[in-house]
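Dear colleague,

I am passing on the structure we spoke about, and below it you will find my notes on what it contains. Please read them with the model open beside you.

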Amino acid sequence: MSIKCDMLEFAGQNTPCYIYEKSLITERCRALKAAIPEARFLYSVKTNPFAPVLKAVSSEGFGADAASSEEVFKAVDAGILPENIYYSAPGKTREDIRKALGKCVFIADSLSELKTLNEYAKERGETLSAGLRINPLFSMEGANPSSSKFGIDEELISSAAFDFPCLKISGIHIHLKSQVLNADTLCAYYENCYDLAERVSRLLNTDLKFINFGSGIGTVYDGACENPLDLEIIGHTFKKLAERNRKSLGAEFLLETGRFVTCNAGTYFTRIIDRKVSRGRTYLIVEDAVNGFLRPAIAELLRQCLGSFPSGGLEPFYTSAAQCTFTIPGKTGQTEKVDIAGNLCTPLDVMARDIELPRGEAGDIIAVSNAGSYGYTLSPLLFSSHGAPKEFMWE
Ligand SMILES: *Cc1c(COP(=O)(O)O)cnc(C)c1O
């Protein structure tokens, strides 16, 4: 992680803060569009709903994957058209549905939600198009379908069970896993999704306008251990699927992505307030640790419980042992082993334990990488009333 001088100076005047680099976000959007021209992309708002970030992805032509009615409104505010905002989440209330009506495409998550949508459509005397989130009979790895709080089990889909005269099922949505870096795994999954779409179209005797393949597109957190996802392989698979689609469903392909676009573009900056040594252990006490950027602390918490970092991800809370890099920008020289802890009244308020850093003093700034997704909004910003970090888009 190299941080430009002007950014560092700006961060120094504004800690604790998140800075997102617009050029990196735009670059990622363009890489996806260039590699997979057959798909249209939806940005998963929950990964980073900061308005300038939404504007940046929206101006690249991305639609939105909204996880709440509030995220639907945020997408609207960013200039995304209702037909490009897909609202998919379990447990939408009637109030959520009422508020979002006309502002998005609903993806129904259960049979009772289909019933509610049907009632709204009937009241308004219109036919409402809606998608279906499906819990398929396959997993990302191929076999072993599991139970899920998301979507409708594939085996429950039949025209008999789908008696909703005011609804038109216009598409399907599948999302099983995030942060996949193996292109072959993803491609096999995409092909399974397409097969599923054909089955659903047959079972419900309906033309599907869209297939939302969900996310899975991973980004590199730990450059030493991970290889970037090969987008070219994915592009190749989508070419084949598009060929098949021309003779079969004629549906639009949608791909969701959040962290691939924003994760590596964001850095969290916090300041060392105090430096202390307790019985041989050196602590750098910083502003807003757990309550500013939770993810690194969850990694340390898991290590403490389990004796080592878990090898599999627990998304979106934890990805891997080296999911963030810590630096004191501008400082070099001999390193020492330190813990980075925060100002909360819990010993678990630790962002990193036993990491090697050049000697840090009170006043120095610590930069934490990979803070562009699941950073600000995933953190307990209200705890202990310290005040939330600021957020900035770096243009
Ligand atoms: C959270 C979420 C995403 C975002 O996925 P990332 O892999 O973290 O980018 C995409 N789709 C759905 C349905 C989600 O819930």
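A residue is called buried when its relative accessible area is under 20%, exposed when over 50%, and partly exposed in between, using a 1.4 Å probe and protein chains only. By that criterion, 55% of the 395 residues of the protein count as buried. This is a predicted model, in which local features need pLDDT of at least 70 and side-chain atom pairs count only at pLDDT 80 or more, whereas totals for chains, interfaces and linings use all residues. Residues are numbered from 1 along each chain as its sequence is written, and side-chain values use heavy atoms, with hydrogens and water left out.

The protein has 10 helices and 17 strands, these being DSSP runs numbered from the N terminus (H or I, at least four residues, for helices; E, at least two, for strands). Its radius of gyration, taken over C-alpha atoms, is 23 Å, close to the 21 Å from the globule rule (2.2 Å times the number of residues to the power 0.38), so the protein is as compact as a globular protein of that length.

Helix α10 covers residues 294-306 and reaches 18 Å from its first C-alpha to its last, close to the 18 Å expected at 1.5 Å a residue, where the expected span is 1.5 Å times one less than the number of residues. Among its buried residues are Leu294, Ile298 and Leu302, and the buried residues of α10 pack against α9 (259-262), β13 (326-327), β15 (350-358) and β16 (365-368), with contact meaning heavy atoms within 4.5 Å. After α10 comes Gly307, whose phi is positive, near 90°.
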